[in-house]
Amino acid sequence: MNRKLYLLLLLYFVISTHCRRDEPFPVTDLHIHLKGNFGMEDAIAKSQAENISYGIAFNCGLKFPVHSDSQIDSVITMMKDYPQFYAAMQAEGREWVNIFSRESINKFDYVFTDAMTFTDAKGRRNRLWLKEETWIDDEEEFMDYLVSTTVNILLEEPIDIYVNPTFLPAQMAGRYNEFWTAERTDRVIQAARAANIAIEINNRYRIPSADFIKKAKKAGLKFTVGTNNADENFSGAEYALEMIKKCRLTRDDFYLPVNKRLNGQI
Ligand SMILES: [Zn+2]
């Protein structure tokens, strides 16, 4: 082969593989709720219209709609009519580990939780998305406790994805970079790495930051796209798409569960 042709072919190969890597890939939003006026038929229509696959998540835990093994069975039976969607367990509070049997938990395609509900050192139950249920005596201490709690959750609870990651209560959220120092970021990333847990890129809260995502990618973590919609008013996985571009994430950087109803496991 003459040298010129060889170089041309080489150039073509380099350019084409490079471009392929930057091509947009189909997005799967693994954190969709049937809430507000958003029902199953709406999910089917929206998923098709926006060309985004969905994982439908069910809130499971103490004082939540699903709080027993038999209720998990009902959910899975219902989801057998919708094999195009993944079925997700959103594990709530910290009690969930003792409420459901492992056998029932495994009927879902994947399990996720966040660090937004926990009991602090003074025994107060925090729910970080509610101002009246968030107890902050000292912001730095609160932050250290939140990071330790997150690390414990990642290391101890049997989950696949850490969702609403790095969420901060409203009064602190505007100073995200101040609170999510390199050291705190590293602690969470190392724990997720040790337990092989994927990190959600959350469209609703626009978290975690690009800096966190880049560090997590460098550490070899996988990601998911998740919206955590409160009702029917959401669209397009905008933040995740922005981060995919900004952090140069590829299809291979994303975790995808197995649909157990489709592959005959259930
Ligand atoms: Zn959720």
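Reply: Ser47 is buried, with a relative accessible area of 11% (buried means under 20%, exposed over 50%, partly exposed in between, with a 1.4 Å probe and protein chains only). A word on the model: it is predicted, local features need pLDDT of at least 70, side-chain atom pairs count only at pLDDT 80 or more, and totals for chains, interfaces and linings use all residues. Residues are numbered from 1 along each chain as its sequence is written, and side-chain values use heavy atoms, without hydrogens and water.

Back to our residue. You will find Ser47 in helix 2, which covers residues 40-50 (helices are DSSP runs of H or I with at least four residues, strands are runs of E with at least two, and both are numbered from the N terminus). Once neighbours within four places in sequence are set aside, Ser47 is in contact with Ile52, Ser53, Tyr54 and Phe85 (contact means heavy atoms within 4.5 Å). Asp29 sits 18 residues away from Ser47 in sequence, and the C-alpha atoms of the two are 9.3 Å apart in space.

Two of those partners lead us further in. Tyr54 and Phe85, together with Met89, Phe108 and Ile201, touch the most other members of the largest nonpolar core, which has 71 residues (such a core is a set of buried Ala, Val, Leu, Ile, Met, Phe, Trp, Tyr and Cys residues joined through side-chain atoms within 4.5 Å). Helix 6, residues 139-156, gives the most to this core: seven residues. There is also a second, separate core of nine residues, with Tyr86, Ala88, Val163 and Ala198 among them.

Now zoom in on Met89. This residue belongs to strand 3, residues 86-91, and Met89 is buried, its relative accessible area being 0%. Beyond four places in sequence, Met89 touches Phe58, Cys60, Ile72, Trp96, Phe100, Ile105, Phe108, Tyr110, Val111 and Phe112. For a sense of scale, Met89 and Ala240 are 151 residues apart in sequence, with 21 Å between their C-alpha atoms.

Let's follow helix 6 next. Its axis and that of helix 9 come within 8 Å and cross at roughly 10° (axes are lines fitted to C-alpha atoms, for helices over the stretch in contact, and angles run from 0 to 180 degrees between N-to-C directions). Helix 6 is therefore roughly parallel to helix 9 (under 35 degrees is roughly parallel, over 145 roughly antiparallel, 65 to 115 roughly perpendicular, the rest oblique). Residues of helix 6 including Met143, Val147, Val151 and Leu154 meet a set in helix 9 that includes Val188, Ala191, Ala192 and Ala195.

Helix 9, residues 182-195, also has a neighbour in helix 10, residues 210-218: their axes come within 10 Å and cross at roughly 45°, so these two helices are oblique to each other. Ala182, Thr185, Asp186, Val188 and Ile189 of helix 9 make this contact with Phe212, Lys215 and Ala216 of helix 10.
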